[in-house]
Amino acid sequence: MLVKPGAMLGLLGGGQLGRMFTKAAQRLGYQITVLDPTAESPAGRVADHFICADYADHHALLKLSTDCVAITTEFENIPAGSLKELAETCVVSPDAHGVSITQNRISEKKFLVENNFSVVPFAIIDSTDRRVKINYTDLLPGILKISQFGYDGKGQRHVSSEAELEVAINDLNREICVLERLMPLSCEISVIVARGSDGELTSFPVSENRHVNGILDISIVPARISGELAQQATDIATQVAEKLNYQGVLCVEFFVLEDGQLLINEIAPRPHNSGHYSIDACFTSQFEQQVRVLCGLPLGNTGMHSAAVMVNLLGDLWQQGEPDWSHVLKQPSTKLHLYGKLEARPDRKMGHFTVLGETTDMALSRAIEIKCHLKQHLET
Ligand code: ADP
Ligand code: MG
């Protein structure tokens, strides 16, 4: 269905991804109503309307569906029931099916295995089920991950023995978890794809991602991998979207093993941090593409006009108050994005900057210099 500019769009979730979506939608003439349970949210503060309510609040969902023509989400933990309820009267993308599979590590892994996608060796750990004593030694050293609501490495514990595993299970409140073998990685990459209501598919250039303590630190785009591997990753991400009959923007994160093998790490049913580079380096950003899919507009050109390196800015940088941005702002080809979060906490994503360059190596060396400069400032 074509939703024309001027219409009110709904957004479930008020984080930074929602803020960037809101700005992209407003640039195309749409209005936005954000629903989020916290009063001060990055997207809620820039939206045309804001509903402060729980994602399962029936009255709030009714208001959202009355006010809006089409609704999307920036957050994977929206209850499937809420998406179904909204879909009775509105266009909703992504739908409850895709979101409910990808919001839980167990259903996501089952979906991937059933459809013959390669994943890391894993086991489901349900400590309430004492019927079988499984031998986990094949998966050690490993990472224990809660099945839902984990993000930025939260809800994860590294374990190297059965004794440590037992401690970690208790530490994670004996929730149902997934234990994955810790893989030796050559690098990590991700691919963002967008699939329209007519099945039209576009993909963004492959991003090479470096994490620190389980949190994305830097994305380098295009990834410094062979063209063949990039094509393989793009094909897999496309197949994932097709198998889910997905409508919207989706990110597939991959592990690249030392022998070049690609394993799917996880799927996000939304735009992704590793795609922020697209705002400044692509003709169409991942957020504009989300607007286009939702509104039934032609999908945009995802090509890059420059190589790019994106660096996340975490709350740690705010230890002595607002950082001095003058060095970043003086750069000729760097864009600074701040999310307007009122409180800076360690590890909290507060913003990012993207350096454009003729080559990824040029952008990378500049990005590292800027990052060091920001940190140096903290130490003096
Ligand atoms: P999150 O939902 O927090 O992003 P991930 O499962 O993607 O959780 O884990 C965060 C990061 O931790 C990954 O990007 C990777 O760097 C590292 N990691 C996670 N699982 C594994 C694994 N099985 N082997 C090696 N590294 C891993
Ligand atoms: Mg991840």
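This report walks through a cavity, a helix and a few loop residues in a predicted model.

## The cavity

Let's start on the inside. How many cavities of 30 Å³ or more does a search of the whole structure find? It finds one. The largest cavity has a volume of about 40 Å³.

Its lining is made up of T72, S93, P94, G248, V249, R270, P271, Q290, V293 and L294. Sort the lining by class and you get five nonpolar, four polar and one charged residues. Strand 14 (248-257) and helix 9 (286-295) each supply at least two of the lining residues. Helix 9 gives the most, with three residues.

Next, look at helix 11, which runs over residues 360-379. Its 20 residues reach 29 Å from the first C-alpha to the last, close to the 28 Å expected at 1.5 Å a residue.

Which residues of helix 11 are buried? They are T360, A363, L364, A367, I370, K371, L374 and L378.

## Two cis peptide bonds

The peptide bond from S93 to P94 is cis, with omega near 0°. You'll find P94 in the loop between strand 5 (91-92) and helix 4 (96-102).

P222 sits in the loop between strand 13 and helix 7 (227-243).

## Loop residues to look up

The loop between strand 7 (142-146) and strand 8 (156-159) holds F149. Is F149 buried or exposed? F149 is exposed, with a relative accessible area of 53%. The C-alpha atoms of F149 and Q103 are separated by 7.8 Å, and these two residues are 46 residues apart along the chain.

D152 is also in the loop between strand 7 and strand 8. Its phi is near 45°, a positive value in a residue other than glycine. Phi is positive for D347 too, near 70°. D347 lies in the loop between strand 17 and strand 18, and it is partly exposed, with a relative accessible area of 32%.

Notes: Residues numbered from 1 in each chain as written. Chains lettered and ligands numbered in written order. Predicted model: local features only at pLDDT ≥ 70, side-chain atom pairs only at ≥ 80, totals over all residues. Heavy atoms only, no water. 1 Å grid on protein atoms, 1.4 Å probe; cavity = no way out; pocket = protein on both sides within 12 Å on 5 of 7 lines; lining within 4 Å. Points joined across faces, edges and corners; volume = space filled by probe spheres on them. Helix = DSSP H or I, 4+ residues; strand = E, 2+ residues; numbered from the N terminus. Nonpolar A, V, L, I, M, F, W, Y, C, P; charged D, E, K, R; others polar. Expected span 1.5 Å × (residues − 1). Buried < 20%, exposed > 50% of the residue type's maximum accessible area, 1.4 Å probe, protein only.
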